[in-house]
Amino acid sequence: MTGLWVALGTLALGLVIGVVRLRRDGRMRETATDKPADVLTEGQIGAPLGERATLVQFSTAFCQPCRATRRILTEVAELVPGVAHVEIDAESRLDLVRQLDILRTPTVLVLDRSGKITKTASGQPRKADVLAALGTAVSQEPDEM
Amino acid sequence: MRADPRALRFGAAITTMVLVLVLVTESPWLLAAQAVVFALGTAGRSPYTMLFKTLVKSAPKETEDARPPRFAQVVGLVFAGAGLIGFFTGITPLALVATAAALLAALLNAAFGFCLGCEMYLLIRRLLPAAKMEVPQ
């Protein structure tokens, strides 16, 4: 009898988690404003920063949405001049993963031209959201001073 | 090695139904059968996906890397194993909680396409080398 309730409870929990995740997955979030934003250097990401912005993608081999994310970000980087796409294997850079508190792959960071993290998305982002986030990253730079 | 995502979703749906039955009937033997399926799945030989392949002949539009779902089958096997230990030692809460955890993962995969086992991979990797990293620093 207990088992029946456990089954029903688990099914209900699964549906709630699934719906919440569907809504949240891949949404671009502002980096917390109460602490200074992390700045990543070319040395840390192991590739040159984009002239205007950089999309840093953390991936693992055990990650299906990483491939789709790679496709989206590559397209965006080709579409928007001065934007670079850098993919980092999370497993070989666990130092960065811990420093930036990355819990899932894919996680996408949007860096402005100075390497400052302006937006973060965990899960596969929508192309429109990436483009919108790039808009802010690029326009924020002049009034940074 | 590539896998047909439709077959994997189909397999997750059957796994979900079997695990619900395990909870409702509290049958260790059914859970043992599911554990065998998980074990075969870790080798890419899940009977559920094989059933799908005999039923559906059309080629998938897209294939995916077979390693993540296999890793997820390992996670499922671990939970099923814990559930079996619970059943056979008479620790019913362990049996139910472990089975429920496997059910949750299977349901999320079947209904939403989320692979919980795959996502746990990075978390596990984050935790495991932590002890090693602290020594040299």
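How many salt bridges are counted between chain B and chain A? The count is two. This is a predicted model, and the tour below goes through it stop by stop.

**Stop 1: the contact between the chains**

Show both chains and select the residues where they touch. The contact takes 34 residues from chain A and 32 residues from chain B. About 2,900 Å² of area is buried between the two chains, and carbon and sulfur atoms give 67% of that area. Five residue pairs are in polar contact across chain B and chain A, both residues of a pair being at pLDDT 80 or more. On the side of chain B that touches chain A, the elements giving two or more residues are H1, strand S2 (64-65), helix H4 (67-89), H5, H6 and helix H7 (130-134). H6(B) supplies the largest share of that side, eight residues.

Next, select A:Asp101 and B:Arg126. Their side chains form a salt bridge, with 3.2 Å from N to O. A:Asp101 sits in the loop between H4 and S4 of chain A. Its phi is positive, about 55°, although A:Asp101 is not a glycine. Most residues other than glycine have a negative phi.

**Stop 2: helix H1 of chain A**

Select residues 2-24 of chain A. This is helix H1, with 23 residues; from first C-alpha to last it reaches 33 Å, close to the 33 Å expected at 1.5 Å a residue. Which residues of H1(A) are buried? They are A:Gly3, A:Ala7, A:Thr10, A:Gly14, A:Gly18 and A:Arg21. Now show chain B around them: the cover over these buried residues includes helix H1 (5-25), helix H5 (92-112) and helix H6 (116-127) of chain B. Step just past the end of H1(A) to A:Gly26, where phi is positive at about 75°.

**Stop 3**

Is A:Ser122 buried or exposed? A:Ser122 counts as buried because its relative accessible area is 18%, under the 20% cut-off. Leaving out residues up to four places away in sequence, A:Ser122 touches A:Asp25, A:Gly26, A:Arg27, A:Arg29, A:Arg104, A:Pro106 and A:Thr107.

One of these contacts, A:Pro106, is the next selection. A:Pro106 lies in the loop between helix H4 (94-99) and strand S4 (107-112) of chain A. The peptide bond joining A:Thr105 and A:Pro106 is cis, with omega about -5°. Most peptide bonds are trans.

**Stop 4: the annotated spans of chain B**

Move to chain B and select residues 4-126. An unreviewed UniProt entry places "domain: DUF4395" here. The span is 81% helix and 2% strand, and its end C-alpha atoms lie 29 Å apart. The UniProt annotation "transmembrane region", also from an unreviewed entry, covers residues 7-25, 31-51, 71-91 and 97-124 of chain B. Residues 7-25 are 100% helix, with end C-alpha atoms 27 Å apart. Residues 71-91 are 90% helix, and their end C-alpha atoms are 27 Å apart.

**Stop 5**

Select B:Gly86, in helix H4 of chain B. B:Gly86 counts as buried because its relative accessibility is 0%. Beyond its neighbours within four places in sequence, B:Gly86 is in contact with B:Ile91, B:Thr92, B:Leu94 and B:Ala95. B:Val97 is eleven residues from B:Gly86 in sequence and 9.2 Å away, C-alpha to C-alpha.

Finish at B:Glu26, in the loop between H1 and helix H2 (28-42) of chain B. B:Glu26 is not a glycine, yet has a positive phi of about 50°. At 26% relative accessibility, B:Glu26 counts as partly exposed.

Key:
Residues are numbered from 1 along each chain as its sequence is written. Chains are lettered from A and ligands numbered from 1 in the order in which they are written. This is a predicted model: local features need pLDDT of at least 70, side-chain atom pairs count only at pLDDT 80 or more; totals for chains, interfaces and linings use all residues. Side-chain values use heavy atoms; hydrogens and water are left out. Buried means under 20% relative accessible area, exposed over 50%, partly exposed in between (1.4 Å probe, protein chains only). Contact means heavy atoms within 4.5 Å. UniProt positions are given in the numbering used here, feature names are shortened, and annotations may be inferred rather than shown by experiment. Helices (H or I, at least four residues) and strands (E, at least two) are DSSP runs, numbered from the N terminus. The expected span of a helix is 1.5 Å times one less than its number of residues. Buried area is the accessible area (1.4 Å probe) that two parts lose on being put together, summed over both. A salt bridge is a side-chain nitrogen of Lys or Arg within 4 Å of a carboxyl oxygen of Asp or Glu. A polar contact is a pair of N or O atoms within 3.5 Å; within protein, one must be able to donate a hydrogen and the other to accept it, and residues adjacent in sequence count only if both atoms are side-chain atoms.
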